[in-house]
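Here are my notes on the model, as numbered points. Please read them beside the sequence and the coordinates.

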Amino acid sequence: MILNFYQKLTTLFLVFFIGIGVIGFLAFRNNIAFAKSTKWVEHTQQVLDESEKIFSLTQSIANGERGYIITRDSDFLQPYINAHEKIFLQIGKLKSLTADNPIQQARIDSISLFAQKRVDVTAGIVEVMNHDKKEEAIQAVVSKEGKNYGQKVRELITELQTDENNLLKVRKASNESQMEVFNRTLWALFGGLLILLTLSYLGFLYNHLQQNKLASDLRNTNHFLNTILENIPNMIFVKDAEQLRFVRFNRAGEKLLGRIRDELIGKNDYDFFPKDQADAFTHKDREVLIKGEVEDIVEEPIQTKNGDRWLHTKKIAITDETGKPQYLLGISEDITSSRLYMAEIKQLNTELEKTVAQLLSANKEMEAFTYSVSHDLRAPLRIVDGFGEILLKDYGDNLDAEGKHTVEVIMANAKHMGQLIDDLLNLSRLGRTQLSVKRVDMRELVEDTIHALSIMDTHLASANIKVNPINPIDCDTSLMRQVWINLISNAIKYSRKNERPEIEIGSENKNGETIYYVKDNGVGFDMKYYNKLFGVFQRLHKVSEFEGTGVGLALVHRIITKHGGKIWAEAALNQGATFYFTLPG
């Protein structure tokens, strides 16, 4: 699990708080130990002081005893009397102070015993002196009995003080150690607090910077979203879920309704639209808020200051974290123009259907006319041609040269008319012919076409025909053969007046497509008449110069167009011509 900065900071604070708590507890415990250690040091010092007082009182008893024996002055007895009164109180106090130490208790009992004996000896000497038995008193002093008891007291006190001094050293060392630990703990506590304060400040500073950054990011995001909202070409509006009053509107909405947003914010539909429209809008809005799904209203009319408009609107509820609707978001596209366009398109389609029906009717009439031409005109033409042939055969000897020429012209025009009818029929049938597309070897097709033309056209033998590599293509073989027949025969026809007719056939790849071409060095044509080139019955040369019906190139153009290709030509007078065409695939 990856922790964010605040989780890390919180964890760090928690660790430091626990650490400071532990350090505080240790400091408190060390403080108690230090106080206890200090108390024991003071206690030991008090034991030493009290034992020293007992030793001093013992000395006072001895001093009082010697002074009184030597001087018989009762004033010397006062220290003895005072010491006698206090020594056992001091011994009791000392015993109370050392109640926790059995060894010292035993010593104090011995001190009390020998002190009592020392007091008793002194009391006896004083009693003897009071009866004027100085010699006896001196003899008692010389016996050193009292001195020995005093010496025992001093030895025991010295032992007691030695043990207490040793104990004092240990307790002072322990006290100093406790003091050092306490000081270290205290410094650690201060250091932890300082680190905690530093971290708190850094956390506050970071939080402040983050808040500023978040505020800046939020401002930038709001500005970015507002810019997008204001520049969306569709009307966007937001209503509160409770009263369905507008709380947000964009520029496109102002333009569509013809109102500024200050007129709209805080208002509802009843403030702008007729009651029936407002009822419909409100009912739909409530449905959207209840369902919580996108509602797509394909068409709805609306009255604005700019006139009646048609909208395509989508609405959706905006909910809070609990799923309760808070707002209604709407996006409306003005489809008034599109609706008018659709009406116009519908009208055009209706008119187009009428036109298509008319064209179908015209095609049927054309088919009837074609049938009539193919059957009703062929018979008279065959009769004219047949009678002309009979006339020349049976009565040729009776006709002069002009008569024979006239009959030959009649027969030639009858044949020309028959060819024209055949070409028109082919052109007419092409529109009804279904393409049978397959992969065709264009080079093989061209060579077959040249072979077929060589049988029918004697001029082909004098022409130099060069066939370059030709790419295969998907097309209708029969129709494509007609294309090559017309283009190659035209090239032969229009270059036969050249002493050395040359024809070049091939294909080339250019800009990702295959271009087929037929090039000759014939008479060419003037490009200013190019627009007539592929028209029916359009001829750029006289019939007396070159035979033909003016339908061949029109037929080629229709075949290429039916395949989805295009055809064009480039030429100049007496410099030959080149015909190009492309096919899809």
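1. Leaving aside residues up to four places away in sequence, Gln105 touches Lys95, Thr98 and Ala99, where contact means heavy atoms within 4.5 Å. Gln105 belongs to helix H3 (residues 102-130); helices (H or I, at least four residues) and strands (E, at least two) are DSSP runs numbered from the N terminus. With 16% relative accessibility, Gln105 counts as buried, a class that means under 20% relative accessible area, with exposed over 50% and partly exposed in between (1.4 Å probe, protein chains only). Its side chain makes a polar contact of 3.0 Å with the side chain of Thr98. A polar contact is a pair of N or O atoms within 3.5 Å; within protein, one must be able to donate a hydrogen and the other to accept it, and residues adjacent in sequence count only if both atoms are side-chain atoms.

2. On the basis of the values: this is a predicted model, in which local features need pLDDT of at least 70 and side-chain atom pairs count only at pLDDT 80 or more, while totals for chains, interfaces and linings use all residues. Residues are numbered from 1 along each chain as its sequence is written, and side-chain values use heavy atoms, with hydrogens and water left out.

3. The protein chain has 13 helices and 12 strands. Of its 585 residues, 35% count as buried. Among contacts with a separation of 6 or more, 64% are between residues 24 or more positions apart.

4. Val247 sits in strand S2 (residues 246-249) and is partly exposed, at a relative accessible area of 37%. Its C-alpha atom is 5.3 Å from that of Ile265, 18 residues apart along the chain. Ile265 is also among the residues that Val247 touches, with Val238, Lys239, Asp240 and Tyr327, not counting residues up to four places away in sequence.

5. Two non-glycine residues with positive phi deserve a look. Leu244 has a phi of about 55 degrees and lies in the loop between strand S1 (235-240) and S2; at 4% relative accessibility, Leu244 is buried. Asn574 has a phi of about 60 degrees and is in the loop between S11 and S12; at 64% relative accessible area, Asn574 is exposed.

6. Which residues touch the most other members of the largest nonpolar core? They are Met442, Met480, Trp484, Ile505, Phe579 and Phe581, in a core of 37 residues. A nonpolar core is a set of buried Ala, Val, Leu, Ile, Met, Phe, Trp, Tyr and Cys residues joined through side-chain atoms within 4.5 Å. H12 gives the most to this core, with eight residues. A second, separate core has 25 residues, including Val47, Ala115, Val126 and Leu160.

7. Helix H12 (residues 477-495) packs against helix H13 (residues 552-562) at about 145 degrees, with the axes 9 Å apart. Axes are lines fitted to C-alpha atoms, for helices over the stretch in contact, and angles run from 0 to 180 degrees between N-to-C directions. The residues in this contact include Leu479, Met480 and Val483 of H12 and Leu553, Val556 and Ile559 of H13. They divide into nine nonpolar, four polar and no charged, where Ala, Val, Leu, Ile, Met, Phe, Trp, Tyr, Cys and Pro count as nonpolar, Asp, Glu, Lys and Arg as charged, and the others, Gly among them, as polar.
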